[in-house]
Amino acid sequence: MTIQENLNNIKSTLPEHVTLVAVSKTKPISDLMEAYNAGQRIFGENKIQEMAEKHEQMPNDIEWHMIGHVQRNKVKYMASFVRLIHGVDNFKLLKEINKQAEKHNRVIDCLLQIKIAKEDSKFGMTTQEASEIIQSEDFSKLKNINIVGVMGMATFTDNQKQVEQEFKLLKSTFDNLKDVKLDNCNLQTISMGMSGDYPLAIDCGSTMIRVGSSIFGIRN
Ligand SMILES: *Cc1c(COP(=O)(O)O)cnc(C)c1O
């Protein structure tokens, strides 16, 4: 199967309200261009430097999403072009994104990463922490970021029941937070679901899926 066929197969199964992020980390430009030529315009990367290099080499009408863990000192390398940062998991990071966005006269959309997996290895904040952040005085001063939703990663397991519970936790977190309406906070997006679990994620309320290997093949 070609990248184009994979993309078309996946897209044909998606409800209209679900956005597909093509996760192209580790893959060469030629693969990304194949997806681009098949109509894909949203790409996700998990390393800032790699994303910046690909952004340089690819057409201008691409939306670049940072889906990985973000180190504060590297935000400056993507602030001029990144469209959505999925993995915002602390307030200091949010402040840095705001500062760098301001330098470029931009407002950068962000998702708050919520820890839904039981594994220790996964990043993210609790619903409580997310709620405290968006209701804080300090947060209201950040004019160059916009919180547009939440993101989560389920535990890496074959146990579908567990994955389902974790997805439902993200959906309920979203439901709890979405009534907060501020100039810089407007929750609409639930980013959950990857190659192995996106149909389940969609059943649980996902509006944005991040799919890599099912489009581009397995990574080394
Ligand atoms: C790599 C990655 C994905 C895509 O994973 P696949 O299993 O290849 O679809 C999704 N989300 C995040 C945060 C990732 O790092």
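Which atom of the ligand is 2.9 Å from an N or O atom in the side chain of R210? Keep that in mind as we look around this predicted model; the answer is a nitrogen atom of the ligand.

Turn to S195, and you'll find an N or O atom of its side chain 2.5 Å from an oxygen atom of the ligand. With S213, look at the backbone instead: one of its N or O atoms lies 2.8 Å from a ligand oxygen. On its own, the ligand has 390 Å² of accessible area, and the protein covers 90% of that.

Now for the wider surroundings. Besides S195, R210 and S213, the residues around the ligand include V23, K25, I67, M151, M153 and M194. V211, G212 and R219 are also in this shell. Sorted by class, the shell has six nonpolar residues, three polar ones and three charged ones.

So much for the ligand's neighbours; what about the space itself? The ligand takes up the largest pocket, which has a volume of about 730 Å³. This pocket is lined by 27 residues, and K25, M153, F156, M194 and R219 are the closest to its centre. Among the lining residues, 12 are polar, nine are nonpolar and six are charged.

Note on methods: Residues are numbered from 1 along each chain as its sequence is written. This is a predicted model: local features need pLDDT of at least 70, side-chain atom pairs count only at pLDDT 80 or more; totals for chains, interfaces and linings use all residues. Side-chain values use heavy atoms; hydrogens and water are left out. A residue is near a molecule or strand if one of its heavy atoms lies within 4 Å of it. A polar contact is a pair of N or O atoms within 3.5 Å; within protein, one must be able to donate a hydrogen and the other to accept it, and residues adjacent in sequence count only if both atoms are side-chain atoms. Accessible areas come from the Shrake-Rupley method with a 1.4 Å probe; for residues, only the protein chains shown count as cover. On a 1 Å grid over the protein atoms alone, a cavity is a set of points where a 1.4 Å probe fits but cannot get out, and a pocket is an open set with protein on both sides within 12 Å along at least five of seven lines; lining residues have an atom within 4 Å of a point. A molecule sits in a cavity or pocket if more than half of its atoms lie within 2 Å of its grid points. Ala, Val, Leu, Ile, Met, Phe, Trp, Tyr, Cys and Pro count as nonpolar, Asp, Glu, Lys and Arg as charged, and the others, Gly among them, as polar. Grid points are joined across faces, edges and corners, and a volume is the space filled by probe spheres set on the points.
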